[in-house]
Amino acid sequence: MRAHPAGPLHGGMTPPPSVGLPPADLGVLDPQVWPRSARRVDGELHLGGRPVTELARAHGTPLFVLDEADFRGRAADFAAAFADADVHYASKAFLCGQVARWIADDGLHLDACSGNELALALAAGFPADRIALHGNNKSLVELQLAVDSGIGHVVLDSFDEIDRLVPMAAARVAAGGAPVPVLVRTTVGIEAHTHEFIATAHEDQKFGFSLATGDALTAAVRVIREPALRLTGLHSHIGSQIFDTAGFEAAAHRVVGLLGQVRQATGEVLGELNLGGGFGIAYLPDDDPVGPDDVARRLGAVVAAECAALDLPVPRLAVEPGRAIAGPGTVTLYEIGTIKPVRLGSGGHGAPQVRNYVSVDGGMSDNIRTALYDASYTCVLANRTSDAPPALCRVVGKHCESGDVLVRDLWLPADVQPGDLLAVAATGAYCWSMASNYNYLLKPPVVAVRDGVATEVVRRQTLSDVFALDAVLADVPPPATAPSQPAPEHPAGVRSTSSRVGAEAQS
Ligand SMILES: Cc1ncc(COP(=O)(O)O)c(C=O)c1O
Ligand SMILES: N[C@@H](CCCC[NH3+])C(=O)O
């Protein structure tokens, strides 16, 4: 292999405590973190039975590779663990037509949190009565779509929304339709142990009706008195990427208490309790998430005990996992473009401190989570393994933003090269779905892999797609050599470089 002009990467910085010492084998694929089908074959990463160099050559990079069996397996694990409950896939994590069909075919429900997530699911043929619509600011148009399509639940989030929904529901009832089934989203006042941006059950945030102030009870009583609405139950969601089940259990305890208050105030015994999603996943090998069986057992026990204490029948439970279904089975493939060892002076013990910046061909436009939440990811050299010593690296994107970091600190083999492929693990949730066109980078494609077959379920966005929105450029073709068209028309770069990667891997 050709030497990098800067030479093999320096050992790097003193590793921060979060990183620790390098593992004995830098190429190892920890099963906690990598998709169920991930394997090394002759050193190269294979996903769903397909070598990553071939996937990169055929589809370009950055590329989301979705292990279908992993995604559907995790959905099935939730469905089995919650056999007596309804599992709603929280589609905000990742939704496309194919995923909507898998979820529909596999018998789960779907949580949509905008009119367009709802519209996409309906367009894919998802049964409306298995969809719940969330949102703290649903528009009239969104609510009308929910009412007209006959969705399973509207999850009410504010008094204004009740005011908006009632006339639509009344019109439906007047036309001979059924009252609109609704849940009241309750803010239970729990400080979930997660990043503050993704905690949703403390008092000072925008979602739901507060339990503590009495708003949740007021909303429930009001809805019960509206003949055009049918209050089927209550909803609580405490946040996302939560490992400690104590928060879910405390929320379940409080929201069952509200079921008791509703019965006391109105005589109504509500039959449904949706405890939301938020179940954490492993982004790093040391992360230790709770599996669906444990979550189901613990939540079931708390709800049963609270209901017994209040002499209430046990309601039908629902949960809304998004990340725990979509997250672990997808990997993002990137190509390394530049490597820059940056000298930062001495670390105080005389040892030179060098930050090895490894730049890839995507970044915060396809994964905003590190920049936004200081999220942790891991990645490996994917097209080959290496016996080179470990070097502490920072994997960054190509955006004009110094916070454009994908993996803050990790060990990579010191001989990583431009043209090598990196695979970042556990990018299935909230990466593609939060993607942007910052710096006019184009949204990557998503390729589903299974049993050696790769299917592009979302194609790469093209510059023509983006120009089509621009008043001046709508009819102007992009320059012929712009990095804009999907593979196989891609003119240069990715395809040629990927084949070089393959050749190097064999040498
Ligand atoms: C109401 C609701 N349900 C479900 C989810 C899914 O969360 P997660 O992907 O963490 O399971 C979210 C996102 O936090 C949410 O806001
Ligand atoms: N987007 C967040 C989670 C928010 C989930 C929706 N309430 C994340 O990437 O972790």
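Q: Why does Cys 400 count as exposed?
A: A residue is exposed if 12 or fewer other C-beta atoms, placed from the backbone, lie within 10 Å of its own, buried if there are 20 or more, and partly exposed in between. Cys 400 has 9 C-beta neighbours inside 10 Å, so Cys 400 counts as exposed.

A word on the source: this is a predicted model, where local features need pLDDT of at least 70, side-chain atom pairs count only at pLDDT 80 or more, and totals for chains, interfaces and linings use all residues. Residues are numbered from 1 along each chain as its sequence is written, while chains are lettered from A and ligands numbered from 1 in the order in which they are written.

Q: What makes Cys 400 an "active site" here?
A: That label comes from UniProt, in an unreviewed entry; such annotations may be inferred rather than shown by experiment.

Q: How confident is the predictor in the chain, by pLDDT?
A: pLDDT is the predictor's confidence in each residue, from 0 to 100. The chain averages 91, and 90% of the residues score at least 70. Over residues 488-507, however, the pLDDT is below 50.

Q: What makes up the shell around ligand 1: how many residues are nonpolar, polar and charged?
A: There are 6 nonpolar, 9 polar and 3 charged residues. Ala, Val, Leu, Ile, Met, Phe, Trp, Tyr, Cys and Pro count as nonpolar, Asp, Glu, Lys and Arg as charged, and the others, Gly among them, as polar.

Q: Which domains does the chain have?
A: The assignment, automatic or from a database, gives domain 1 (39-67 + 330-506) and domain 2 (68-326).

Note on methods
Contact = placed C-beta atoms within 7 Å.
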